[in-house]
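Please read the following report alongside the sequence and the coordinates.

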Amino acid sequence: MPGFELFGDKERKEVTDVLSTGVLMRYGFDGARHGHYKALEFEQTLCEITGSAHSHLCSSGTAALSTAMAACGIGAGDEVIVPPFTFVASFEAVLLAGAVPVFGEIDNTLCLNPDRLDAVMTPKTKAVVPVHMCGAMARIDEIKAFCDRKGLVLLEDACQSLGAAFQGKPLGTFGKAGCFSFDAVKTVTCGEGGAVITDDPAVYDLCHQYADHGHDHLGGPDRGADGHPVLGTNYRISELNAAVGLAQLRKLDQILKIQRKHKQVLKDAMADLPGISFRLLPDPAGDSATFLSFMLPTEEKTRQAATALAHNQVPCPYWYDNNWHYFRKWDHLKKMTSAAPLAAQLCPNLPDYSKVHLPESDAVMKRTLSMQIMLSWTDQELDRRVAAIETALKNI
Ligand SMILES: Cc1ncc(COP(=O)(O)O)c(C=O)c1O
């Protein structure tokens, strides 16, 4: 997810605008900032891109998830259904809210299986947080239908999927709110940053208030005159980070075009290889194409393929062994090893995560490899990769 590959003069120009005023904060200092409101401009651009009515930038994708959870009313004791294949931030945000993460099974989309949500729902379930992993979509229409039927909050973690859509509708816009990350390895990067999008003005108000100590932002130029309708925290983004992200966001179409082209070349080259199947994409046209994820028939063959691909200089993450992205290796969660006691630990409904078994997710993840798609590949590098993949996989 390599927006950083296109870092250049446009990013430098936006940053220089900010440095030339010395105003590094997104709020206040109206006279000194000479009309530069980079965070605001980023938010407006994100609304144009996603068609969302509102967006609020935060200091990270994790902060955006926490902000969205607070704004959607997810709190102490609530259960939130999340997938076991994601980045740890997805369940961290639930725990930080004082809520209880409950893991649903994933399917060949590598995202939550809507047919398995009922199995983990209880009277305490408040929300479902599908994670659109590796640049592409969950079966989001079915997950939304489930949430609507059951009266649950749908909050999309689209941190890895900026620019992706399902049947023309951008990911992140299906539920009460959606979140993006703009960290250093995302499609568009601010260095560190994240955003919440929503069509609900009340959710939006709670987002910008919660992420700025409860400020209602109605006091005019004097921040001290703002009211504090809710308790909050500081998840503000700085103008410097927003400036980098603004230049990057304007390149999103270009980034997506290159990614899709590069992915198609590799996918075509692999299509006829025996034993290879691809991740199920509910809408292939809406894939942002940051990764090419594929499956082999068995765990043994998948491990052999990972070794052979790495040997041929085409390394592919094997998420099943990954410390950060799959439940199997989250020992700190399984033992609830926290720096200090967490509110969720006071909840009688907190499961013993060491006893949680996810056989369907294990079956998918054991057989899945993902190839990261880079923007900087030349035609020669693509040719080299195609040849290397054929060499690596032909005898598996
Ligand atoms: C699915 C997912 N959710 C949330 C996050 C958190 O984003 P950030 O690193 O900006 O806090 C990430 C980051 O990798 C992610 O991949």
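Which residues have the most contacts inside the largest nonpolar core? This is a predicted model, in which local features need pLDDT of at least 70 and side-chain atom pairs count only at pLDDT 80 or more, while totals for chains, interfaces and linings use all residues. Residues are numbered from 1 along each chain as its sequence is written, and side-chain values use heavy atoms, with hydrogens and water left out.

The largest nonpolar core has 41 residues, and those with the most contacts inside it are Ile74, Val80, Phe103, Leu155, Cys179, Leu333 and Tyr353. A nonpolar core is here a set of buried Ala, Val, Leu, Ile, Met, Phe, Trp, Tyr and Cys residues joined through side-chain atoms within 4.5 Å, where buried means under 20% relative accessible area, exposed over 50% and partly exposed in between (1.4 Å probe, protein chains only). Among the elements that each supply at least two residues of this core are H3, strand S2 (79-82), strand S5 (153-157) and helix H6 (201-210); helices (H or I, at least four residues) and strands (E, at least two) are DSSP runs, numbered from the N terminus. The largest share, six residues, comes from H3. Leaving aside neighbours within four places in sequence, leucine 333 is in contact (heavy atoms within 4.5 Å) with Phe91, Leu95, Phe103, Phe327 and Tyr353. A second, separate core of 39 residues includes Leu110, Cys134, Ala269 and Cys316.

| Residue (side chain) | Ligand atom | Distance |
|---|---|---|
| Aspartate 157 | nitrogen | 2.8 Å |
| Glutamine 160 | oxygen | 2.9 Å |
| Lysine 186 | oxygen | 2.6 Å |

The protein covers 93% of the 390 Å² of accessible area that the ligand has on its own, as given by the Shrake-Rupley method with a 1.4 Å probe.

Turning to the loop position, glycine 275 is found between helix H8 (252-270) and strand S10 (277-278). Glycine 275 is partly exposed, with a relative accessible area of 44%. Apart from neighbours within four places in sequence, glycine 275 is in contact with Met295, Leu296 and Pro297, whereas the C-alpha atoms of glycine 275 and alanine 285, ten residues apart along the chain, are separated by 24 Å.

Key. Polar contact = N/O pair within 3.5 Å; in protein donor to acceptor, adjacent residues only side chain to side chain.
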